[in-house]
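Here are some friendly exercises for getting to know a structure. Try each task yourself before reading its solution.

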Amino acid sequence: MSKPLISVITINFNGLVHTLDFLASFQKVTYPHVEIIVVDNASTENPDEILKRFPDTTLIKNPVNEGFAGGNNRGMEKATGDYFFLINNDTEVAPDILEVLLQRIQREENAGLVCPKILYHDAPDTIQYAGFTAINPVTGRGKGKGYQEKDKGQYQKAEITQLAHGAAMFIPKAVVKQIGMMAELYFLYYEEMDYCERIKKAGYEIWYEPGSYILHKESMSVGKNSLLKTYYMSRNRWLFLRRNVNWPLFFFTAAYYLLIALPKNLLVFALNAEWAHYKQYFKGFSDGLFMKNIRDNPTLKQQS
């Protein structure tokens with residue numbers, strides 16, 4: 001019996017050095033039936049070096065930057081595999097990553113997404129992701145399991161979790177065809193959480209699989225937010241709640257935001273004289289509050 005084709009999809013945006021390292025790590029992957037798709041989100045760098053170094057790669061050149069969701073969606077439209085592995089380009093993978101994820105998703109009848117253990121590339125003994133709690137429907141916040149703990153084998157049991165990490169999501173194509181692709185209105189942040197909620201609402205489970213891992217180059221020490229991050233985190237946290245919390249509970253969500261979260265965050269920015277962040281946080285909140293047609297999700301229409 002032939003093994004199913006797995007489509008590995010990653011996004012490049014002015015991160016060519018990371019993408020090349022990522023592709024090099026996949027040369028050591030032991031699973032035999034793989035296609036790798038790189039979606040370049042209108043980088044100023046020339047991505048053709050990818051094809052020179054790794055000619056078997058499929059390169060999609062987006063004319064505009066479509067963000068995390070849009071880039072992954074363009075990859076899924078092109079993919080021909082039975083399973084999609086959406087993975088960040090600033091990662092490197094264990095050789096057995098695909099076998100382990102495939103085995104888990106085939107073993108669990110209701111698994112709609114599987115996420116591996118994620119360790120820091122610069123500190124591979126330290127955990128970034130070992131599962132996630134549910135997002136609080138009022139505050140819009142959740143908590144990562146094992147976050148920045150030393151990996152001593154304390155999270156070596158595969159289990160159902162509430163949310164995946166956007167850096168590595170293994171999904172059957174059948175699930176994507178049923179629920180649609182990722183919501184592109186987010187552009188950056190919260191789109192993977194939204195996708196997990198849609199997967200669960202369709203009756204599937206999110207699984208954490210520690211039998212294999214990826215190494216993520218994201219820094220353990222988070223510096224000062226960029227203005228872009230301040231805007232999209234503010235806007236998309238609100239969009240996520242609007243899309244996923246129903247009345248009457250949403251009344252308490254709105255009350256919390258208007259009476260606590262919004263004044264608190266604006267006050268912090270004001271006290272620190274961070275007026276640019278103040279403006280972006282308020283603009284993000286108001287844009288998320290008044291955005292229309294937020295329920296739409298793109299369907300999977302694969303290219304020939």
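**Exercise 1.** Find the bridge partner of I11 in β2.

*Solution.* Start at I11: its bridge partner in β2 is V39. Next, look at the strands, which are DSSP runs of E with at least two residues, numbered from the N terminus. Strand β1 (residues 6-12) and β2 run parallel and are joined by seven bridges; two strands pair if DSSP finds at least two bridges between them. Finally, check the cover: seven of the eight residues of β2 (residues 34-41) are buried, where buried means under 20% relative accessible area, exposed over 50%, and partly exposed in between (1.4 Å probe, protein chains only).

A word on the model: it is predicted, so local features need pLDDT of at least 70, side-chain atom pairs count only at pLDDT 80 or more, and totals for chains, interfaces and linings use all residues. Residues are numbered from 1 along each chain as its sequence is written, and side-chain values use heavy atoms, with hydrogens and water left out.

**Exercise 2.** Locate F54 and decide whether F54 counts as buried or exposed.

*Solution.* First, go to the loop between α2 (48-53) and β3 (58-62), where F54 is found. Then take its relative accessibility: F54 has 11%, so it counts as buried. Last, list its contacts (heavy atoms within 4.5 Å): leaving aside residues up to four places away in sequence, F54 touches L20, L23, A24 and Q27.

**Exercise 3.** Work out whether F251 counts as buried or partly exposed.

*Solution.* Begin in helix α8 (residues 249-271), the place of F251. With 49% relative accessibility, F251 counts as partly exposed.

Key: Helix = DSSP H or I, 4+ residues; strand = E, 2+ residues; numbered from the N terminus.
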